[in-house]
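Dear colleague,

I am handing over the structure below, and after it you will find what turned up when I went through it. Please read the notes with the structure open beside them.

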Amino acid sequence: MKGGSISDEEHGGLVPLHGKFSQDYAPYICNGSVDIRGNPASTIHTGKWRACYSILVAEFCGSLAYYGVGTNLVSYLSNVQQQSNIDAASNIAFWQGTSYLCSLLGAFLADSYWGRHRTIVISLSTFTCGLMLLTLSAIVPANILTVVTSPQDALAFLGLFLTALGLGGIWPCVPTFGADQFNDTDGEEKEQKEIYYNWYYVSVNGGFLFASTVLVWVQDNYGWGLGFGIPTVFSAVGVAGFLACMKLYRYQKPGGSALTRICQVVVAATRKVNVDLPTDSSLLYEMPGKESVIVGSRKLMHTDGLRFLDRAATITTAEEKFLDTPNPWKLCTVTQVEELKILARMLPVFLAAMIFNTAEALFPLFIEQGQVMDNHIHSFSIPPASLTTFNCLCIVILAPAYNKVLMPIASRITGVKRGLSELQRIGVGMAFAVLSLVSAAIVEMARLDMAKKTGLVHQSTAVPMNILWQAPQYILVGVAKVFSVVGFIEFAYEQSPDAMRSCCQACALVMVSLGSYLVSVMLKMIDSVTEGIWGHGWIPENLNQGRLDLFFWLMAGLQLLNLLGFAYCAMRYKNKLAG
């Protein structure tokens, strides 16, 4: 004891809150996490699974609400709103694309200004308001007023816009906020965080499974007022549950504009293009002490490679006298430089995600393939679109089993405790994506052969080949997603800079949209080229005359090339080094 005060060491390194000690004090997390009052977060009283339960419930409710609207939205727009098939499909594509693009806005606001918790609350509330308006559009009579745009159309449009805006803040922030509840520096908590990623994905697909079965049936049999009202109620319950546990959460403070920091590094490095780099990296500029210049972010250690950017942290003679208050557009810290290096290294992985997501984007072609197959089991007729349930069930069953069954097996093979690293897990999923398209191609080859044998080539009718032969391709996509999608979520969190985690999650989400756009462009290009050569494209109206199998083989080859390119990048990838 010195000067009448008790040292930190005499109390096990604990720091008193509000100037008082209590026997309830627990160790505090030193990674920038704070509690609801802004104090260092307690390792005992905050975070971990008891905080994650409400996050997973909110994600389940949000997922159920999203898929409850999106799964059958084409029927609502065409049958109730009286939109044409082209207009309905176009509006849905625009809605989904807007939702993914809004992820960039939501992630930017979360990392830079609002923080993840506030962004989620605002986004969930916006999403719920959009659902309310959509429900009203299904209740309000179309002829309530005589105007150019009916109240139904206006409410539906505004409702869909608000849901897209809300989803933009939910999708990139919920997985990262859940991961924030586990302390990276604690080995046991870090292991629990790896389990959380799987349960997060189970929550997403659990909501999808409920929506694509129960809610679709309600909408078709009891009307759209109830069909949209139920998702609205679930969304409201998710908001209430999420807010009820605010005292349990661990929060990360927003670190300021990431875009500004990136621009500062680029500008500073460009200004010093003729400056020689020091041979000793310790001579590069960094803030003294343990704190980073970026709020809520740990320091990053210098790494080799991309040395041009190191010029931004090189101290010139003219800058030595201003090291206490440097101009950030002329001199940046090593941590700022490493942020940009990390993003540059992550970019090839995110681009690989774009190609990987083309596998799920081909589901409409899977459904069209099923429409020209025998869909009867005895007297029961199976809708071709319902086979997507195989994909969903595979995820719901396999994701929880990953840590209990697959991880121990992989651990014995690799000798690594966690079984597979993030990049290895992504690679395994990509291999299953290749197999799924190979399976689809083989099934289509057999189907076309059956059409020739039965003389149905010139008839656009189903061939006598049971639709359940499609089950393996749906299941293999499900297995691929359990490995790769969860791997991408984990990679985006673990490898991203602390103050840019939501933005990196958003980048992964945008790749889903880009994968869909890529499939759309390829379909139009291939149809145009093959129609000019054969007189009809690979995918004509009569699939019995087409070569859908060749398109599946082409996409399988693209997935294989993507896997090989990813493997090369993964072997050269340098992990983030936090100080």
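A residue is called buried when its relative accessible area is under 20%, exposed when that area is over 50%, and partly exposed in between (1.4 Å probe, protein chains only). The model is a predicted one, in which local features need pLDDT of at least 70 and side-chain atom pairs count only at pLDDT 80 or more, while totals for chains, interfaces and linings use all residues. Residues are numbered from 1 along each chain as its sequence is written, and side-chain values use heavy atoms, with hydrogens and water left out.

With a disulfide taken as a pair of cysteine sulfur atoms within 2.5 Å, the count of disulfides is zero. Cys173 has its closest cysteine sulfur in Cys503, but the 8.7 Å between the two sulfurs is too far for a bond. Cys245 is likewise in no disulfide, the nearest cysteine sulfur, that of Cys52, being 11 Å away, and Cys245 is buried, with a relative accessible area of 19%.

The domain assignment (automatic or from a database) gives domain 1 (28-256), domain 2 (258-338) and domain 3 (340-374 + 381-578). The contact between domain 1 and domain 2 (heavy atoms within 4.5 Å) takes nine residues from domain 1 and seven residues from domain 2. The centres of these two domains, taken over C-alpha atoms, are 38 Å apart. Between domain 1 and domain 2 there are zero salt bridges, a salt bridge being a side-chain nitrogen of Lys or Arg within 4 Å of a carboxyl oxygen of Asp or Glu.

With regards
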